[in-house]
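Please open the structure in your viewer and keep the selection panel at hand.

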Amino acid sequence: MEIYIQGLTMGLAYVAPIGLQNLFVINTALTQPRSRSYITALIVIFFDITLGLACFFGVGAIMQASPILEMGILLVGSLIVIWIGIGLIRSRDSMDNSTKVDIPVLKVITTACVVTWFNPQALIDGSMMLGAFKATLPAGTDFFFVGGFASASVLWFFGITTVISLFSAKITDKTLRVINIICGAVIIFYGIKLFVNFIQMVIG
């Protein structure tokens with residue numbers, strides 16, 4: 001259960017920061033019928049989880065085969081994670097109601113795929129973050145961590161769709177600012193945790 005909770009909290013901190021995917025889901029919930037909003041959220045969840053699995057098992061497996069590479073990615077990964085967290089705390093995001101959301105479902109699918117899978121920064125960040133965490137997990141616990149991470153994606157995107165559909169008039173830039181601060185703090189905490197694991201490998 002502890003590994004599942006770790007995957008869940010890490011997943012929430014990773015998917016919650018306001019980016020293109022989130023803005024698309026948020027604006028859909030603000031401007032489209034609820035049924036369409038949930039379809040959009042489900043599409044985004046699918047691509048988000050598949051990217052997470054690829055990053056976790058791909059880079060994570062390579063790291064386990066090479067202790068030196070594992071140490072290197074733990075070091076670089078921890079610094080990147082901390083930097084991501086600092087960037088979130090310092091960011092000034094706002095609602096962008098100009099995003100086009102009234103498009104065919106097929107277009108939603110292709111857009112979600114391109115934004116997720118063809119985004120170099122998402123691939124790098126996801127690989128470093130999830131790959132580094134795979135190297136620190138006890139044997140046989142991968143399923144629980146992945147389950148927590150996947151659950152986070154489902155809870156977040158369905159959650160914001162539901163909340164914004166119900167309370168769209170009360171969602172403000174300040175709300176998004178609070179989300180980023182909280183998520184940034186959580187990500188910094190896990191970045192420090194990864195760095196501590198790196199130090200332990202060096203002195204161990």
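Predicted model: local features only at pLDDT ≥ 70, side-chain atom pairs only at ≥ 80, totals over all residues.

Residues are numbered from 1 along each chain as its sequence is written, and side-chain values use heavy atoms, leaving out hydrogens and water.

Next, switch to the cartoon view. The protein has eight helices and zero strands (DSSP runs numbered from the N terminus: helices are H or I, at least four residues; strands are E, at least two).

Select helix 4 (67-90). Its 24 residues reach 34 Å from first C-alpha to last, close to the 34 Å expected at 1.5 Å a residue (1.5 Å times one less than the number of residues). Among the buried residues of helix 4 are Glu70, Ile73 and Gly77 (buried means under 20% relative accessible area, with a 1.4 Å probe and protein chains only).

Now turn to the largest nonpolar core, which has 42 residues (a set of buried Ala, Val, Leu, Ile, Met, Phe, Trp, Tyr and Cys residues joined through side-chain atoms within 4.5 Å). Helix 3 gives the most to this core, with nine residues.

Finally, select Phe157, one of the residues with the most contacts inside the core (contact means heavy atoms within 4.5 Å). Not counting residues up to four places away in sequence, Phe157 touches Val15, Gln21, Asn22, Val25, Ala41, Val44, Ile45 and Asp48.

Technical notes
Buried < 20%, exposed > 50% of the residue type's maximum accessible area, 1.4 Å probe, protein only.
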